[in-house]
Amino acid sequence: MNFPRVKDRLPAPYGTLIDRARPITFTFEGMTLNAFQGDTIASALAANDVTPIGRSFKYHRPRAILSLDGSDSNLLVNLDGVPNQPAESTQLNDGAVVSAQNYRGSLQRDRWALPSLLARFLPVGFYYWAFFRPRIAGKFWEKIIRARAGLGVIDPDHDWRRAREEYDWADVVVIGAGPAGLAAATAAGAAGADVLVLDKRRTHGGIVAPDPAPHIRLSLNSIVHGIYADGWIAASRDGRLLKVRAGRIVLATGVLQQPAVFRNNDRPGVMLGVSAVTLIRDYGVLPGRNIVVVATDADGYEVAREIWEAGVDSMSIIDVREAASPDSTMAETWGATVLRACVPIEAIGAKRVEGLVVRYGGDGDRTIPCDLVCLCGGTVPDAALWGHAGGTLAHDREDGCWRLAGAADRVIAAGAVNGHSDPGDCALDGTAAGRIAAFAAGIGDDPRVAPPIPSAMAGSAPIIVPHEKGAEFVDFDEDLTVQDLRAGIAQGFEHAQLLKRYTTLGMGPSQGRHALLAATEIAADARGEDPGAVGTTTFRPPAFGPSFATIAGEAFQPERVTPMDGWHREAGARMMVAGDWWRPAHYGDPPLEEARWVRKAVGVIDVSSLGKMEIRGPDAAAFMERLYTFRFEKQPVGRSRYALMLDETGAIIDDGVACRLADDHFYVTTTTGASNQIYRSMLWWNLHWGFEVDITNVTGAYAAINIAGPLSRRVLSRIAGLDVGAGAFPYLAVREGEIAGVPARIMRIGFVGELGFEIHTPSGYGAHVWRELLANGLDEGIRPFGVEAQRLLRLEKGHIIVGQDSDALSFPHEVGLDWAVADKPDFVGKRSMEIHNRRGANRTLVGFRLSGNATDAPKEGNVTLIDGAISGRVTSSGFDTGTGAAIGLAYIQPIHAGAFNIKLDSGKTIRAEITPLPFYDPDNARQEIDP
Amino acid sequence: MKLIDCPLNGPRNASEFHCAGPVRSVSDAIRDGDIAWSDHLFFEDNNAGPVLEWWFHTPSSYWFIVERDTRTDAIVKTYAPEDRPDLTGRPHQARP
């Protein structure tokens, strides 16, 4: 097909948004086209007279500009490889490569275009019926639907970068920079409020003071996606997500012009009147020369006049009303043909509009040849954001129009959205709203605003002309016609909310913003009710859909690193995530090798991620006694104890080591992942108990290093400022002293089942102590080991990992920790644990050893089977550091003894022998080894 | 995002807070039978209307009580724990 030459643009002052000094070229569907810097994709295509721009969602009908609102699905295009860019609002740059979407073959001859005869195979409620029954039909349709579904194709290889976020605050946020919004901003600013004006357009639509107050900021190109609780606004500008907290919001979003509904009202060349005016005014593009304006109120004449002034060859105004009005008389004087009591019947032309068939009085139908049909089918308030904040739309029966109703939290509407049509009234309404908003946000004096000026908006009946051959589109995104809506209602889906879900009305990107007036009227008519009784569906964010990249934005997930993190990375450690922390998984050697070295000689591990709590005060021991399961009142100063914590349901939630540093001072560790939660719960419990204790979370304040292995004492003694000998420092002792010249708390605990010491030192000294230990252990061959080796070593000792070997239903008796529970009057979880104990365990955690070879090692989560029935699951799996044989922990039924089966990922079943715990050194002889 | 008026810090974004569910008597049910105790643990009133809840301001490690209307999600009032000794079961008092 030959496209006409580039049309000349209208002379200035038309084309306010384009820079005629900067011509650019771009391609659309492979054609090279000219445009100007400042053009949007849609305006440039209109200037080049290119149609269609896209294909419709369901029937693949040719489509072009309808609303220029930025959300019509038919105008989503692929720009430089990025799909679903709105042609209406996306600016072109030189060399841009644009292609259309949603067609097969070529845009001009879309093989997926459905002849109207076949359209009956996609009836309303199609998806519902296709998948409802029989089930096999769903499978049949699925393939076809998947091939066609969705608009645009994502290129997985496309460059991407994370969208940024921006936070902002203002006393008053004004949404919409038209006459009302700017007046509101000026008034609120004059009262002293910090004002932010957001508008999705590239220019404001009113008068801005030449030197506005500095605390009034105008943010254009800013699309507001939603209003959330307490004045929280989500918007975006240039792909960046804006999160704005507003004291008060002035909503000045104006009205939405509605189309007229008649056969083929979707033909390229049929567009909203405001779209034609925007093309002329902002881009200097005259989208047609022989024009028909379909009008239902004064608004239509306003549009007609603006187009007329741009210079056209002919203009007919189709006024559905009977009576002459000052507007119609005026239009006749400038030369337009006005046809009153006239309705549009059908647009003709195959790929673009060539004429409009109208029904005029008693004369029957006639065809008016034209190349542009402007639809001015009345207006509705742009109320989506009002709805987000809790407001609704109500039908004003008297004036026959939709108005804002209900209350929207922190939102004050002003201007056209509030029912005003005269720009002067809008500005007055805006000024009042600005003052009220500022005062409500706590700025300035009570404005004592005069009572609101009465709304001058007159309603107008929507133009709906059903046709026996159909194709009278109500929802252009979803390809819904009058017949579709009527069919939905006839099938019983007559409530607005049901009708939406059944027909998909308003589910497209434009959210039904151009369907509201007609759809409610059709539903009301079918039900024999008032449109107000039908009502609208609930408005929910987003009003305009941001891209997923914008929503995803930045992830502010904290990541914690230990003071030795740099050392680990330099040493080539493979780092892994543990809770919020980065920890070394291993240092390049197989974890089993690292573990064996600890058993044989000496190793060090960074355990700084352990939670650490200081419990201080006269009631410290009483607090510990009440919170943990063990006894602590009589714990000697200078000794550590295992500390197990349950929740109120008796389930294990944490464990650690409690060190008594003084009569009134305990230092307790928690598991890496639970430190914040345990700290929170300590504070909460003590709010109820009222013990005189001070609880401090010092997790980040201390670095912690565990040095373990038969040679650990020898290494430590070289840099210890205190006696670490067996006599002075027995097993489970805790001492405060100096290590490598810096203060430290040292505990002798059996962390990995070898002679070992855990050194806690202020974080700033952590790297120093770590390096000193390694430097002073060269003779012993000291080596760092990672989390994986630690797990193997601890597994061998039968130490459970809370959260891995226990779950939300594990109580001490089940996992062999009944020894850690004291018989004392009360502790958290005791009441529930007693019930568990009385009822007996449903399962028990056992150690197992595989008879087969190690390559068959099960994975955590593999099920355990007894007599073919599922009995439990494997919770930890590892290797014996001595023999390399596979060992692990698993839940099985408690009555069972001997052996059980484990089903591997491969589906193979292997035999496991129950083995008494621990696997290694049951007498704890390794703690006293002194080579 | 909701704003929560923390008694210690003033209004802050809800993302700074952690909700720990409704305020309930901690100790009464412990003396009753097993069924009453498990009801206490596992059932919540789930009232439509004003409820009292424990909230925690994470950056400042501060527990307080929020009175929230579950029908509207509106926060009616917030209390420092010492203002509601009736709810913590233990008045805050200096050690004798």
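**Reading chain A and its helix pair**

Mentor: Buried residues make up 51% of the 931 residues in chain A, a residue being buried if 20 or more other C-beta atoms, placed from the backbone, lie within 10 Å of its own. This is a predicted model, in which local features need pLDDT of at least 70 and side-chain atom pairs count only at pLDDT 80 or more, while totals for chains, interfaces and linings use all residues. Residues are numbered from 1 along each chain as its sequence is written, and chains are lettered from A in the order in which they are written.

Trainee: How should I read the packing of helix α10 and helix α11 of chain A?

Mentor: Two packed helices are described by the angle between their axes and the distance between the axes. Helix α10 (residues 482-490) and helix α11 (residues 496-503) of chain A pack at about 120°, with their axes 10 Å apart; helices are DSSP runs of H or I with at least four residues, numbered from the N terminus, and axes are lines fitted to C-alpha atoms over the stretch in contact, with angles from 0 to 180 degrees between N-to-C directions. α10(A) and α11(A) are therefore oblique to each other, since angles under 35 degrees count as roughly parallel, over 145 as roughly antiparallel, 65 to 115 as roughly perpendicular and the rest as oblique.

Trainee: Which residues make the contact of α10(A) with α11(A)?

Mentor: From α10(A) come D484(A), L485(A), G488(A) and I489(A), and from α11(A) come L499(A), Y502(A) and T503(A), where contact requires C-beta atoms, placed from the backbone, within 7 Å.

Trainee: How many residues does each chain give to the contact of chain A with chain B?

Mentor: Chain A gives 18 residues and chain B gives 20 residues, and the largest share of the side of chain A, six residues, comes from α18(A).

Conventions:
Contact = placed C-beta atoms within 7 Å. Helix = DSSP H or I, 4+ residues; strand = E, 2+ residues; numbered from the N terminus. Buried ≥ 20, exposed ≤ 12 C-beta atoms within 10 Å, placed from the backbone.
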